[in-house]
Amino acid sequence: MSNSTERRQEIYDKIKGSSKQEYILSEMRRLGFWTDENLDFEEVNTFFKEERTLSNELNTLLKKEKSIEDIDAFIVNKHKERKRLSKEKQKETKEKRALLKKEKAEKWRLQKEQEIVYLGEGFSHQLNDKKTDKNRLKSLNLPILESAKDVADAMKITLSELRFLTFSRKNAKINHFKRFKVAKKTGGFRLISAPMPRLKKAQHFILEAILNKVETHPKANGCVIGKSILTNAEPHVNKAVVINQDLKNFFPTITYKRIKGVFKSFGYSEQVAVIFALLCSEPKILDISLLGENYFAQRGERFLPQGSPCSPAITNILCKKMDFRLDGLAKKYGFNYSRYVDDLTFSSHKEQVKKIPAILKYSKKIVEDENFVLHPDKLRIMKPHQRQEVTGVVVNEKPNVNKKSLKRFRALLHHIEKDGIQGKSWNGGSNVLAEIDGFANFIYQIDKTKGAFYKERVAKILGTYNYKETHREKYVKEKDKGFVGSVSSRIRGFFKSVSSIFKN
């Protein structure tokens, strides 16, 4: 019984897989009733297959006709079919979007590992430009850096850290500068922005690998290797007239665009120039406290900070054309010219004194042509019967320290040695130890013999009070690199090169 049932099921399956006629034909052929000689089986099979196909199509059309006759059923089926197709399409679209999103996220991740694509509003649109003038860079002996990745690798930091140091936020909880005020001899305060360690390291790379390799004008003395306030003063020793002029708001006048232009002029791409300019500039910052949190809010355009090691070098490069023009003006009228950061000095012998009006007139025009402004209250015309000073150095007969200042300094050291530092100050400074350390170094630059004596006295005082410099008090001392540095009251309360070297 079981075998019969299985046999019957097998026959049904064969019929279902083809047709009843085809099955009968195959069985008749198998049993020997018909042979290939009296029947063309291939032709008959083709006929049966065509018949089966037509029969299936007919059945399908009959079903459709029957369903169309029932309008409600037809609409329901159509709705189900459309819903099914819609769901399949939605699923397919969702899968495609998920795949695209995943691919986009992976592409963005890889891009962020290799590039910087956004550094804040107003700076990011230029980051796609990587066109670098390699021939220009080679001619200046500067490192060829074509992208942010090249810069990060050269600085030996990650691209993520470079992005952190350069990103410009309107409001942030983090600030890359330590700001403090230094008293001016003329009254008021000067804002110093000392970079924090990580930014300072990046700035030192820019200074040493790039800025220090660019030639400056021979008459530029501020923060130039091998030069100092002494080399700035020497050309004006024993002259009939010494003219000193001062550039007003010098560092704030050098904006982000001008800084970026300096690096572009070397041959660097827009991307690299933007990164360097952001590293070497700062905005005006407003400290805000909100809901117990402290924020640093940016106000206005970025500019060159006083306190960055790069700032003096950038000013020397930016002022090179102005130095050529002012030096040419001086030579035309028989004068000597020198510049120490924002101090312009002209001097000459007696026979050229009558040319002073021409020097004043045309120097002002040249300065304004170069997008700077002369301070109207800082002009000094010094004759031989007056004390002639150039960046704090007396130049009447030979480079010397102001006698009154030296006498006052000697008296201060005596009182400190006798009574201690309580209540003592030097030129209004807040830290008398830092101030006397700076002035002793200043004396040493002008007169090594005299300076060595005072440095020794000051060193004993500093040792007595276990003095240790901080960001606020780290005044630059003579370095092998040529950056000069003790603070002098005659140089507006601090060295113009205080920005060039800050140590941790």
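**Exercise 1. Asn-316**

Task: In this predicted model, which helix holds Asn-316, and is the residue buried or exposed?

Solution: 
- Step 1. Asn-316 lies in helix α13, which spans residues 311–318.
- Step 2. Classify the residue. The relative accessibility of Asn-316 is 2%. Buried means under 20%. Asn-316 therefore counts as buried.
- Step 3. Look for a side-chain partner. A polar contact links the side chains of Asn-316 and Arg-339, at 2.9 Å.
- Step 4. List the surroundings, leaving aside neighbours within four places in sequence. Asn-316 then touches Thr-216, Ala-220, Gly-222, Cys-223, Val-224 and Arg-339.

**Exercise 2. The open sheet**

Task: What is the strand order of the open sheet of four strands, and which strands stand at its edges?

Solution: 
- Step 1. Write the order. The strands run β7-β8-β4-β9, and the pairing is antiparallel.
- Step 2. Find the edges. β7 (336–340) and β9 (380–382) each have a single partner strand, so one side of each lacks a neighbour in the sheet.
- Step 3. On average, neighbouring strands are turned by 15° against each other, direction ignored.
- Step 4. Recall the pairing rule. Strands of a sheet pair through backbone hydrogen bonds, either parallel or antiparallel.
- Step 5. β7 and β8 (residues 343–348) run antiparallel and are joined by five bridges. Asn-336 sits opposite Ser-347 of β8.

**Exercise 3. Strand β4**

Task: How many bridges join β4 to β8, and how many join β4 to β9?

Solution: 
- Step 1. Take β8. Six bridges connect β4 with β8, and the two run antiparallel. Val-241 faces Ser-348 of β8 across this pairing.
- Step 2. Take β9. Three bridges connect β4 with β9, again antiparallel. Ile-243 has Ile-381 of β9 as its bridge partner.
- Step 3. Check burial. Six of the six residues of β4 are buried.
- Step 4. Sort the residues by direction. Val-241, Ile-243 and Gln-245 point one way from β4. Val-242, Asn-244 and Asp-246 point the other way. All of these are buried.
- Step 5. α15 (residues 356–369) lies across β4 (241–246), β8 and β9. α15 runs at about 20° to β4.

**Exercise 4. Helices α7 and α8**

Task: At what angle do α7 and α8 pack, and which residues make the contact?

Solution: 
- Step 1. Read the geometry. α7 (residues 159–166) packs on α8 (residues 197–209) at about 100°, and their axes are 11 Å apart.
- Step 2. Name the arrangement. Angles of 65 to 115 degrees count as roughly perpendicular. α7 is therefore roughly perpendicular to α8.
- Step 3. List the contact. α7 supplies Glu-161, Phe-164 and Leu-165, while α8 supplies Arg-198, Leu-199 and Ala-202.
- Step 4. Sort by type. The contact has four nonpolar residues, no polar ones and two charged ones.
- Step 5. Turn to Ser-160, also in α7. Its relative accessibility is 48%, so Ser-160 counts as partly exposed. Ser-160 and Gln-114 are 46 residues apart along the chain, and their C-alpha atoms are 9.7 Å apart.

**Exercise 5. The whole chain**

Task: How many helices and strands does the chain have, and what share of its residues is buried?

Solution: 
- Step 1. Count the elements. The chain has 18 helices and 11 strands.
- Step 2. Take the burial. Of the 504 residues, 43% are buried.
- Step 3. Look at sequence separation. Consider contacts between residues at least 6 apart in sequence: 67% of them join residues at least 24 apart.

Conventions:
Residues numbered from 1 in each chain as written. Predicted model: local features only at pLDDT ≥ 70, side-chain atom pairs only at ≥ 80, totals over all residues. Heavy atoms only, no water. Axes fitted to C-alpha atoms, helices over the stretch in contact; angles between N-to-C directions. Parallel < 35°, antiparallel > 145°, perpendicular 65-115°, else oblique. Contact = heavy atoms within 4.5 Å. Nonpolar A, V, L, I, M, F, W, Y, C, P; charged D, E, K, R; others polar. Buried < 20%, exposed > 50% of the residue type's maximum accessible area, 1.4 Å probe, protein only. Polar contact = N/O pair within 3.5 Å; in protein donor to acceptor, adjacent residues only side chain to side chain. Pairing = 2+ DSSP bridges.
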